[in-house]
Amino acid sequence: HLHRRTECNDPADWRKCLENDNSLTPGLRESYQRTLAGFERFCWQRKTGAAPGGETWAAARPTVGLAREYVELQRLEQAPGPAQLQEWKEALNWLFRCGRPPPGAVLTGVPPLARADLGQTPWERRLVEKIRVRHLSWRTEQTYRGWAWRLAHFLGVRPVESAVGEDVRSFLSHLATAERVGASAQKQALNALVFLLREVEGKELGDFGEFTRARRRLRMPVVLSREECARLFEAMEGVPKLMAELAYGSGLRLMELLRLRVKDVDLDRRQVVVRGGKGDKDRVTVLPEQLLEKLAAHRERLRRLQVQDREEALPGVWLPEGLERKWPKAGEAWEWQWFWPSRELMNDPRSGLRRRHHVLDVTFQHFVRQAARDAKLNKKVTPHVLRHSFATHLLEHGTDIRTVQELLGHEDVATTQIYTHVMRKPGLGVRSPLDL
């Protein structure tokens with residue numbers, strides 16, 4: 001969360017504060033300097049379309065919304081690791097906490113409300129309106145707006161409304177050749193820009209088969225051994241440990257784990273129901289019997305928390321828009337409560353209601369990274385590594401690959417087959433000639 005702090009009109013003031021902050025190491029101070037200088041240029045380009053000149057830093061009006069957009073654009077452009085992403089966020093947190101941006105900046109600890117964040121330009125306002133009419137998710141909105149602004153910067157002085165199919169093809173080729181983005185990022189950009197120009201601006205874009213496509217690289221997934229999984233879990237405790245065990249034991253993606261509701265964890269039938277997974281598809285996966293007792297105890301704690309929330313007359317948890325219109329009080333019902341609720345209340349970015357949300361993704365990622373360091377694992381461990389380990393260990397145990405495909409929710413078995421390359425004994429159990 002970004003913290004609130006005000007005052008200061010001098011554009012160099014945050015630099016002076018950075019130089020005088022003795023709590024930062026020289027290396028961290030240099031990293032913050034690079035991040036904040038980039039953020040300052042970004043704010044000026046968004047507000048004025050030009051680089052900062054002699055005007056005051058106040059005129060750039062840095063906001064938390066711009067900070068979040070800047071981080072998202074950097075993530076899309078550079079594909080940073082978790083440590084680099086966290087460093088950017090810490091630098092921006094430092095700015096809003098200690099760097100004292102100017103009066104008038106919208107410095108709140110939550111994303112801007114949807115009704116107050118309708119876009120800076122006419123084309124962005126049309127884009128936001130179309131996205132919200134379609135009831136696309138908040139993350140999708142932020143991603144589409146980010147790619148639209150990257151196209152705007154690519155076009156330079158030309159207005160976004162003037163873009164045609166050839167401009168989109170040139171931009172996509174630029175992403176692949178100059179910026180070296182991956183195939184998935186290029187595909188995401190294509191989807192966002194087609195939505196902008198076809199659905200919002202009503203343009204006929206033609207065929208997109210001629211642009212330079214980013215190279216799709218085959219990467220081997222990081223997999224932990226069973227012993228490494230045990231060491232990782234031993235380095236954790238409480239709810240984070242239970243979350244990690246369920247992620248591994250059921251093969252869940254990060255957001256699938258965090259978005260579980262009480263009704264989705266069926267202890268009697270030993271199964272977990274994933275609602276609206278990748279591709280907006282539901283599926284059923286296994287629930288580890290070793291966790292039944294722990295999950296039952298956790299669910300009882302949730303009952304007490306739900307009773308407390310109802311006594312305090314808090315708004316119900318977030319529900320999909322259609323369901324919330326049909327059953328306005330469903331968010332207060334027991335079965336719809338988050339299975340992994342956050343300790344603190346948070347502001348809903350769309351409605352502005354202060355309600356209980358699920359545990360944030362960055363919070364759980366932090367616990368997993370810290371546990372991997374404490375366990376002294378020699379691999380880069382993220383929550384998704386637990387899903388890779390789930391699939392690999394099932395295949396090593398002799399589970400049919402089609403069954404694993406169904407449990408993981410893969411559309412194509414070819415996606416599941418990648419785990420056969422990282423099994424302890426791939427293929428027909430080939431041995432190294434050194435072991436013969």
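Good morning. I begin with the sheet: three strands form an open sheet in the order β1-β2-β3, and their pairing is antiparallel. Strands here are DSSP runs of E with at least two residues, helices are runs of H or I with at least four, and both are numbered from the N terminus; two strands pair if DSSP finds at least two bridges between them. Strands β1 (265–266) and β3 (283–286) stand at the edges with a single partner strand each, so one side of each has no neighbour in the sheet. Strand β2 (residues 271–274) is joined to β3 by four bridges.

A word on conventions. The model is predicted, and local features need pLDDT of at least 70, side-chain atom pairs count only at pLDDT 80 or more, and totals for chains, interfaces and linings use all residues. Residues are numbered from 1 along each chain as its sequence is written, and side-chain values use heavy atoms, with hydrogens and water left out.

I turn to charged pairs. How many salt bridges does the structure hold? There are 20 salt bridges, the term denoting a side-chain nitrogen of Lys or Arg within 4 Å of a carboxyl oxygen of Asp or Glu. One of them connects Arg145 and Glu124, at 3.0 Å from N to O. This pair links distant parts of the chain, with Arg145 in helix α6 (residues 138–155) and Glu124 in helix α5 (residues 122–133), 21 residues apart. Arg145 and Glu124 are both buried, where buried means under 20% relative accessible area, exposed means over 50%, and partly exposed lies in between (1.4 Å probe, protein chains only).

Arg132 and Glu141 also meet through their side chains in a salt bridge, at 2.8 Å from N to O. Arg132 is buried at a relative accessible area of 19%, and Glu141 is buried at 0%.

A further salt bridge is formed by Glu228 and Lys379, whose closest N and O atoms are 2.9 Å apart. Here Glu228 belongs to helix α9 (residues 226–234) and Lys379 to the loop between α14 (361–374) and α15 (383–396), 151 residues apart. Glu228 counts as buried because its relative accessibility is 14%, while Lys379, at 33%, counts as partly exposed.

Next, the aromatic rings. The whole structure contains eight aromatic pairs; rings of Phe, Tyr and Trp (its six-membered ring) pair if their centres lie within 6.5 Å, and planes under 30 degrees apart count as stacked, over 60 as edge-to-face and the rest as tilted. For Phe233 and Tyr248 the ring centres are 5.9 Å apart and the planes are at 50°, so this pair is tilted. Phe233 and Tyr248 are both buried. One aromatic cluster is made up of Phe39, Phe42 and Tyr70.

Charges over rings also occur, defined by NZ of Lys or CZ of Arg within 6 Å of the ring centre and within 35 degrees of the ring normal. Arg261 lies over the face of Trp338 at 3.8 Å from the ring centre, and Lys263 over that of Trp336 at 4.4 Å.

Finally, consider Leu395 in helix α15. Is Leu395 buried or exposed? Leu395 is buried, because its relative accessible area is 9%. Beyond neighbours within four places in sequence, Leu395 is in contact with Ile401, Val404, Thr416, Tyr419, Thr420 and Met423, contact meaning heavy atoms within 4.5 Å.
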